[in-house]
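Visitor: I am new to this structure. Please show me how to read a few of its features.

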Amino acid sequence: MTTLVCTSASDAATPATQTRSYPSFASYMSARQPVLLRTARSLTANPSDAEDLLQTALTKTYVAWDRIEDHRALDGYVRRALLNTRTSQWRKRKVDEFACDELPETEGLPAADPAEQQALRDAMWRAVMKLPARQRAMVVLRYYEDLSEVQTAEVLGVSVGTVKSAVSRALGKLRDDPELAPAA
């Protein structure tokens with residue numbers, strides 16, 4: 001027959017291994033924490049991440065406190081722990097991008113303001129109307145009717161080179177139009 005043995009709650013709550021208290025570590029940490037936090041902030045952009053990084057490095061230092069022979073070089077030890085911890089975090093970071101066959105849906109993108117789009121179209125059309133007739137015809141055929149340079153040249157009875165140069169000059173005038181400057 002087995003006998004049940006009950007332990008008190010306080011005995012069950014204490015771990016089998018006792019943690020040691022290092023008063024010298026506590027004084028070191030309270031004295032050097034602001035300086036080490038600045039170092040951690042230089043390693044990461046987020047202040048909260050810097051605090052977590054410093055806490056992790058100080059934990060590693062606390063665990064190795066007995067093994068550190070020269071306590072005068074603690075700053076270097078902690079800085080190395082900061083750097084190694086940050087490098088490990090960087091290497092372990094998760095990449096949330098995956099290659100796929102189909103493009104994702106664009107539902108989350110905000111729609112452009114229809115009034116602004118219409119104002120831009122109106123300003124563009126007024127700028128096109130300021131162009132000389134021949135350049136205006138080439139721009140309309142190329143960009144509004146979506147014809148190729150060859151097709152535009154055939155419709156107007158000119159060479160492809162003429163279409164290219166005239167459209168280039170027309171686009172330069174459109175870029176310089178003051179009414180279109182705010183839109184650019």
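Guide: Start with helix packing. Axes are lines fitted to C-alpha atoms, and angles between them run from 0 to 180 degrees between N-to-C directions. Keep in mind that this is a predicted model.

Visitor: At what angle do helix 2 and helix 4 pack?

Guide: Helix 2 (residues 23-43) and helix 4 (residues 74-92) pack at about 35 degrees. Their axes are 11 Å apart. The crossing of helix 2 past helix 4 is right-handed.

Visitor: Which residues of helix 2 and helix 4 meet?

Guide: From helix 2 come Y28, R32, V35, L36, T39, A40 and L43. They meet L74, D75, V78, R79, L82, L83 and R86 of helix 4. By class, this contact of helix 2 with helix 4 has 9 nonpolar, 1 polar and 4 charged residues.

Visitor: Which residues of helix 8 are buried?

Guide: First, the general idea. Residues three or four places apart in an α-helix point the same way, because there are 3.6 residues a turn. In helix 8, the buried residues are V163, A166, V167, A170, G172 and L174. They pack against helix 5 (114-129), helix 6 (133-144) and helix 7 (149-156).

Visitor: How many residues does helix 8 have, and what length does it reach?

Guide: Helix 8 (residues 160-176) has 17 residues. From first C-alpha to last it reaches 25 Å, close to the expected 24 Å.

Visitor: What is the phi of D146?

Guide: Most residues other than glycine have a negative phi. D146 is not a glycine, yet its phi is positive, about 60 degrees. D146 sits in the loop between helix 6 and helix 7.

Visitor: Is D146 buried or exposed?

Guide: D146 counts as exposed, because its relative accessibility is 65%.

Note on methods
Residues numbered from 1 in each chain as written. Predicted model: local features only at pLDDT ≥ 70, side-chain atom pairs only at ≥ 80, totals over all residues. Heavy atoms only, no water. Helix = DSSP H or I, 4+ residues; strand = E, 2+ residues; numbered from the N terminus. Expected span 1.5 Å × (residues − 1). Buried < 20%, exposed > 50% of the residue type's maximum accessible area, 1.4 Å probe, protein only. Contact = heavy atoms within 4.5 Å. Left-handed = near helix turned anticlockwise from the far one by under 90°. Nonpolar A, V, L, I, M, F, W, Y, C, P; charged D, E, K, R; others polar.
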